[in-house]
Amino acid sequence: QQKLKTMSLTLNKSASMNGLMTKMNEKLVEEGLLSEPIPLEDLVAVDVWSHEVFSWYQHTADIDRLRDNDKTFIYQLRRLADVQEESKPKEDAAQVSEDIFGTRRRTRKYNLDIATLSRLNANDGWQKELENYVQSPMMLLSLFNPRRGSNDERIQFCKKLETFIDLCHKEIEEDEASGTKRPRDGSKNGSGSVDTGSEDPPMDEQIQGLLDRSDASPSFKGARTRQDVAILEWCASKLRQYILNSSKAKESYKDGIVVQIVMRRPKSGSSNYSSFVQPVLMRISGNLTVYGLRKCLADRLSRSLKSSSGQSSMEPQAANSLDPSFGSPGMLAIRQVPLSFEKKGAYTRSTGSNASRLGMISRADESSDDGTPRATMALSSDDAENQIVAEVVGPNGAVFVDWSDDLCDHFFDEHEANAEESVGEPEKKEDEKALTVM
């Protein structure tokens with residue numbers, strides 16, 4: 001919430017980023033801006049170019065990597081201990097399983113032969129096999145890509161798959177109960193009724209109900225026989241375990257993650273968006289939702305956000321004039337702004353060209369997935385707003401706050417967001433490197 005602080009520091013060329021941060025702490029205490037140094041674990045150093053993070057520095061990196069034209073920022077993050085406390089799971093693994101899938105445990109109705117099981121279990125062959133049964137195989141490539149697919153998306157797909165399997169079982173049961181179906185031994189008894197016998201039904205027998213069900217499904221295809229349904233049952237059970245293992249992997253976020261927040265607005269005369277103020281770095285808990293992130297943004301940006309009356313959202317008068325159902329004045333603005341994200345890739349700077357929507361609010365230039373009217377106010381009850389940011393965005397990912405021109409002019413104070421305060425007087429010693437830190 002404070003203005004950016006600029007200072008010049010003089011360090012030996014052989015110093016590390018830790019040394020740079022320590023020197024910065026000493027100067028802030030000396031100038032009376034801090035009563036005690038900020039723990040180094042709560043600081044992160046980055047280079048910024050064109051209002052986005054260009055390079056992330058480890059604490060042990062040499063400052064000699066910094067060039068004279070680099071603009072180096074040191075950000076103070078939320079206390080690590082606070083984020084660790086918030087990131088603690090609230091339920092045990094069994095409860096997580098029930099919350100995701102419900103209390104019912106699905107039992108497989110059909111047994112697969114050893115050769116098929118070996119094929120499905122070898123090198124995650126079940127994932128490849130699923131491609132034969134989905135309308136859009138490319139969707140699976142994204143779903144099982146750790147850098148692109150999220151657990152929420154996998155859970156929804158798993159539920160959809162299990163529903164399809166249930167419908168397939170009903171088709172088989174209706175076929176077996178029908179007096180017109182071919183009997184299991186291929187004949188009828190003397191009275192003309194079906195002789196069910198005690199043999200297991202043939203696994204490779206095509207069933208018309210399954211063919212019809214597959215043709216009618218917008219998501220799945222190719223389920224023709226009991227063998228196909230048995231394979232889908234096995235794949236569904238493997239997918240369940242895959243999801244549970246991914247949920248346990250969230251423990252890797254027990255320290256939270258650091259993300260950069262990039263403010264963008266449309267370029268003049270273009271539908272493309274570009275960043276326009278310095279980025280914000282935030283350490284968030286491992287279980288923070290998208291709607292929770294909006295609350296954090298409203299708080300973090302409160303100095304730069306204006307109420308509908310033009311006041312800063314930090315001013316008490318602004319808060320008092322707002323219907324409390326909308327939240328704080330800043331939250332009223334942030335709830336209307338589309339968010340998108342881009343995971344940290346091989347390149348050091350996020351371009352935003354491949355950004356995906358985050359939350360329920362889409363940009364005005366984006367078409368709706370299902371033709372429904374575009375939502376204009378984020379709701380805490382919406383599924384998209386309850387996605388876990390750490391899982392979707394990942395460490396050092398970028399969250400883009402895509403302001404429309406109207407919302408930006410009405411709610412965002414660009415001048416205040418870029419305001420700076422100088423700390424102390426610069427001094428430089430011979431044979432040492434002077435750095436400007438923000």
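**View 1. Leucine 43 and its bridge partner in strand S4.** The bridge partner of leucine 43 in S4 is glutamine 76. This is a predicted model, in which local features need pLDDT of at least 70, side-chain atom pairs count only at pLDDT 80 or more, and totals for chains, interfaces and linings use all residues. Residues are numbered from 1 along each chain as its sequence is written, and side-chain values use heavy atoms, with hydrogens and water left out. Strand S2 (residues 43–49) pairs with S4 in the antiparallel sense, over five bridges; two strands pair if DSSP finds at least two bridges between them. Helices (H or I, at least four residues) and strands (E, at least two) are DSSP runs, numbered from the N terminus. S4 covers residues 72–76, and four of the five are buried, so the strand is largely enclosed by the rest of the structure. Buried means under 20% relative accessible area, exposed over 50%, and partly exposed in between (1.4 Å probe, protein chains only).

**View 2. Aromatic pairs.** Nine aromatic pairs are found in a search of the whole structure. In the pair of phenylalanine 73 and tyrosine 75, the ring centres are 5.9 Å apart and the planes at 15°, so the pair is stacked. Rings of Phe, Tyr and Trp (its six-membered ring) pair if their centres lie within 6.5 Å; planes under 30 degrees apart count as stacked, over 60 as edge-to-face and the rest as tilted. Both phenylalanine 73 and tyrosine 75 are buried. Tryptophan 126 and phenylalanine 144 form an edge-to-face pair, because their ring centres are 5.5 Å apart and their planes at 90°. This pair links distant parts of the chain, 18 residues apart: tryptophan 126 is in helix H5 (residues 125–130), and phenylalanine 144 is in the loop between helix H6 (137–143) and helix H7 (151–177). Tryptophan 126 and phenylalanine 144 are both buried. Ring pairs join Trp126, Phe144 and Tyr242 into a cluster.

**View 3. Arginines over aromatic rings.** Arginine 363 lies over the face of tyrosine 273, 3.9 Å from the ring centre. The charged end of arginine 265 sits over the ring of phenylalanine 276, at 5.8 Å from its centre. A charge sits over a ring if NZ of Lys or CZ of Arg is within 6 Å of the ring centre and within 35 degrees of the ring normal.

**View 4. Residues with positive phi.** Most residues other than glycine have a negative phi. Serine 50, which is not a glycine, has a positive phi near 55°. Serine 50 is in the loop between S2 and strand S3 (52–57), and its relative accessible area of 39% makes it partly exposed. Asparagine 396 is also not a glycine, and its phi is positive, at about 60°. The loop between helix H13 (389–393) and strand S10 (398–402) holds asparagine 396. With 22% relative accessibility, asparagine 396 counts as partly exposed. Asparagine 396 and arginine 283 are 113 residues apart in sequence, and their C-alpha atoms are 9.6 Å apart in space.
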